[in-house]
Amino acid sequence: MSTIKEIQDEIVEEFELFDDWMQRYEHMIELGKSLPLIEEKYKTEENLIKGCQSKVWVHAEMEDEKLVFTADSDAIITKGIIAILVRAYSNQHPNDILEADNKFIDEIGLKEHLSPTRANGLVSMIKQLKMYAIAYKTQLN
Amino acid sequence: MKVATEKAHFDVESIRKDFPILSRKVNGYPLVYLDNAATSQTPQQVINSITNYYSQYNSNIHRGVHSLSQEATDAYEQARIKIQKHFNAEKSNEIIFTSGTTHAINLVASGFTSLLEKGDELVVSALEHHSNIVPWQMLCERTGAIMKVIPMNEHGMLDLAEYENLLSEKTKLVFINHVSNALGTVNPVQKIIEKAHAAGAAVLLDGAQAAPHIKADVQALDVDFYVVSAHKMCGPTGVGILYGKEEWLNKLPPYQGGGEMIATVTFEKTTYADLPHKFEAGTPNISGGIAFGDALDYMNTIGFDKIAAYEQELLEYATEKLLKIEGLRIYGVSEEKTAVISFNIGEIHPYDIGTIIDKLGIAVRTGHHCAQPVMDYYKIPGTVRASFAFYNTKAEIDTFVEALEKAKKMLS
């Protein structure tokens, strides 16, 4: 099983293949299609991430001390962004999720999405994944 | 003999030179700024006005005996007169400087607290911006008054027959936007005001979206309150005005307490200053007020008739071009519209379109435009809104349409 860092590096390498923003966005949109989709019953107000212009739902479940994320969004760029995050953080131990940094977002040329004022809520998404990690970590203890 | 059928020449290229921001690049592309309904850009003349204030005569107004304070006070009061003349108010003390439209609406809503009783009715339209809904909802919570809503139709127009049904002797106030921010619909305000007055109700018009395109004459409209923001009409942010008929402004109690708004203060009792100062507590946005006056001078020099004619030309051109994009639907197709086009393309989320075309240097607004009831009516999460100003060009519209085609291809 790869570590978060290894997966992040893998994603960065993938994005390095592209020369311009358009190809990077196209790749991100492609990645959105591979997102493990949240079950309809979990598309609740509670699982909706605040601070996004589009809707983003994230659900977390614990399997063998690892957090498994599923998600969805009504906008496909947002779906691509959450897919990148889920790929890096899903199937990981809550402690590892909490310790992970997000430099790879910058490295794949999506730095502008990291601004807290950006309406897509990438920062809120990361925060939400980490909140789940905190919540489930408490359960483990 | 040559027949003069050509449209009057509008020298947009020379106008564009007044706006330094229009020559910058965004994400490597020349900026195409189509978010004018959110805020307009600022001409050098207005930038100079602000710079000149801070480099030549910055000082506090209305109280200093020194020369700078006199100069600043004169310039500020001169701006009030320019604004009075622009909107054709009868008196300059009917112009209250505020921080903008939202502040002006809150001022009036707060003032009506003591004028309403439980069961009184207020009438609003389904087309409103949240800032012309929420302050009145808060007023209803304070007073027990009830809010009634004029419905809209599929074209984004208000149902006037239903409006008349809503009016009664219980109606105390009607508040409506002159132009809808989300759709650009120009509302039939003259009729709305006449009917309200016949029922004995006062009318507040939110002119934020109208003022950049239409020169409103408050006396001809016979409107009781008219509110605007400077930053939508080439002025700076953080300043706007409340126009109110003198008799109404005298009826409303002061909004905020502080300096400037008093006549005498003792710990037992304070008496308030006359209009307009009664509503202008504290040091105002002095440079902003002065620059607002200069922004009006700038626009009036070009001429509102010419601006309106040119913007309509842009609106028609853009509408025609946009409708050629397959799957594109325009929301708000009222016959009388300002240069605003709210639309979606197929099932594509407006946020996705906005993000892609931003990478191509194009600024538009996406989302619910602070008018959720309008979006709920159409059962959509939001729209892409392109809003044009007199400094936009047909070439920019072409660039915009090409970018939309590109985005559509990527996102479908």
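Which residues in α2(B) meet which residues in α10(B)?

## Basis of the description

This is a predicted model, in which local features need pLDDT of at least 70 and side-chain atom pairs count only at pLDDT 80 or more, while totals for chains, interfaces and linings use all residues. Residues are numbered from 1 along each chain as its sequence is written, chains are lettered from A and ligands numbered from 1 in the order in which they are written, and side-chain values use heavy atoms, with hydrogens and water left out.

## Helices α2 and α10 of chain B

In α2(B), Gln45(B), Val46(B), Ser49(B), Ile50(B), Tyr53(B), Tyr54(B) and Tyr57(B) meet Ile286(B), Ser287(B), Ile290(B), Ala291(B), Asp294(B), Ala295(B) and Tyr298(B) of α10(B). Contact means heavy atoms within 4.5 Å, and helices are DSSP runs (H or I, at least four residues) numbered from the N terminus. The residues of this contact comprise 10 nonpolar, three polar and one charged; Ala, Val, Leu, Ile, Met, Phe, Trp, Tyr, Cys and Pro count as nonpolar, Asp, Glu, Lys and Arg as charged, and the others, Gly among them, as polar.

Helix α2 (residues 44-57) of chain B packs on helix α10 (residues 286-302) of chain B at about 145 degrees, and their axes are 9 Å apart. Axes are lines fitted to C-alpha atoms, for helices over the stretch in contact, with angles from 0 to 180 degrees between N-to-C directions. The crossing is right-handed (the near helix is turned clockwise from the far one by less than a right angle).

## Helices α12 and α14 of chain B

For α12 (residues 350-359) and α14 (residues 394-411) of chain B, the angle is about 120 degrees and the axes are 9 Å apart. Among the residues making the contact are Ile353(B) of α12(B) and Phe400(B) of α14(B). By class, nine residues are nonpolar, none polar and one charged.

## Domains of chain B

Chain B is divided into domain 1 (12-42 + 303-411) and domain 2 (47-301), with bounds from an automatic or database domain assignment. Between them, the domains bury about 3000 Å², 56% of it on carbon and sulfur atoms. Buried area is the accessible area (1.4 Å probe) that two parts lose on being put together, summed over both. Phe304(B), Thr338(B) and Tyr377(B) supply 22% of the area that domain 1 buries against domain 2.

## Contact between chains A and B

Chain A contributes 16 residues and chain B 14 residues to the contact. The area buried between the chains is about 1400 Å², with 64% from carbon and sulfur atoms.

Notes. Helix = DSSP H or I, 4+ residues; strand = E, 2+ residues; numbered from the N terminus.
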